[in-house]
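The entries follow the order in which I checked each topic.

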Amino acid sequence: MTVSRFITFEGIDGAGKSTHIESLKARLAAQGPVLSTREPGGTPLAEQLREMVLHSGMGPLTELLLVFAARRDHLDKVIEPALAAGTTVLCDRFTDATFAYQGGGRGMDLAQLATLEQWVQQGRQPDLTLWFDLPAEIAAQRRAAARAADRFEQLDLEFFERVRAGYQARANAAPQRIARIDASRPVVEVAAQIVAVMEQRGW
Ligand code: TMP
């Protein structure tokens, strides 16, 4: 029987997740069907919401509700059907990002986030989360070299240190699920850390 897994990738902007998602996808594809997707996004509706969240001015509560609305559509139309069909789902960001960005970064109430999490996800949680951790300053240097900034990426170092602390708090609360990857290391070493996490689980 195929075992489907739900694996998410997290970290502050500039942590370098993308390359590693692709290599992990290639590795897991040898074991069975794999789908990669992202949040906010992953469905036509959620991609429209993503555009708004990343580029339109709005208050923090509107932003929070839009990311959860996008998540609900993504779960309904893509994630849950794929997992039910035995497909492993790799998702670039999920609810830990909401706790880190809207909770840590924007200072939204964590108890309200937990209520929304429960309401929207109905108990669905990733089986494994790879958290690409690095200091905000190094991430900012990498971003500056790589691309034009969206609404989040324009925010200051203090915002990203709060986001990082938000991820740390989530990792402390769910140490079995969230594996910290030292993303300040060179790409080959980061890849080796990921392989070690997978091997520890026998994946
Ligand atoms: P990406 O550039 O890694 O695809 O992420 C898009 C941005 O959206 C990133 O800056 C983090 C932010 N974001 C939130 O603020 N809350 C969320 O729940 C998610 C999934 C992403």
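**Ligand surroundings**

I first looked up which residues surround the ligand, and I found 14, the closest being D13, R50, R93, T98 and Q102. I note that the model is a predicted one.

I sorted the shell around the ligand by residue class. I recorded 6 nonpolar, 2 polar and 6 charged residues.

I then asked which helices supply the shell around the ligand. At least two residues each come from α2 (44–55), α3 (60–84) and α4 (95–105). I noted that α4 gives the most, with 4 residues.

**Polar contacts and burial**

For R50, I found a side-chain N or O atom 2.9 Å from an oxygen atom of the ligand. For K17, a polar side-chain atom lies 3.2 Å from a ligand oxygen atom. For R71, I also read 3.2 Å between a polar side-chain atom and an oxygen atom of the ligand.

I next checked the surface of the ligand: alone it exposes 480 Å², and the protein buries 94% of that. I recorded that the space taken by the ligand is the largest pocket.

Because Y101 lies in helix α4 and F152 in the loop between α6 (136–146) and α7 (157–173), the pair ties together parts that are 51 residues apart in sequence.

Key:
Residues numbered from 1 in each chain as written. Predicted model: local features only at pLDDT ≥ 70, side-chain atom pairs only at ≥ 80, totals over all residues. Heavy atoms only, no water. Near = heavy atom within 4 Å. Polar contact = N/O pair within 3.5 Å; in protein donor to acceptor, adjacent residues only side chain to side chain. Areas by Shrake-Rupley, 256 points an atom, 1.4 Å probe, with all protein chains shown as cover. 1 Å grid on protein atoms, 1.4 Å probe; cavity = no way out; pocket = protein on both sides within 12 Å on 5 of 7 lines; lining within 4 Å. Sits in = over half its atoms within 2 Å of the grid points. Nonpolar A, V, L, I, M, F, W, Y, C, P; charged D, E, K, R; others polar.
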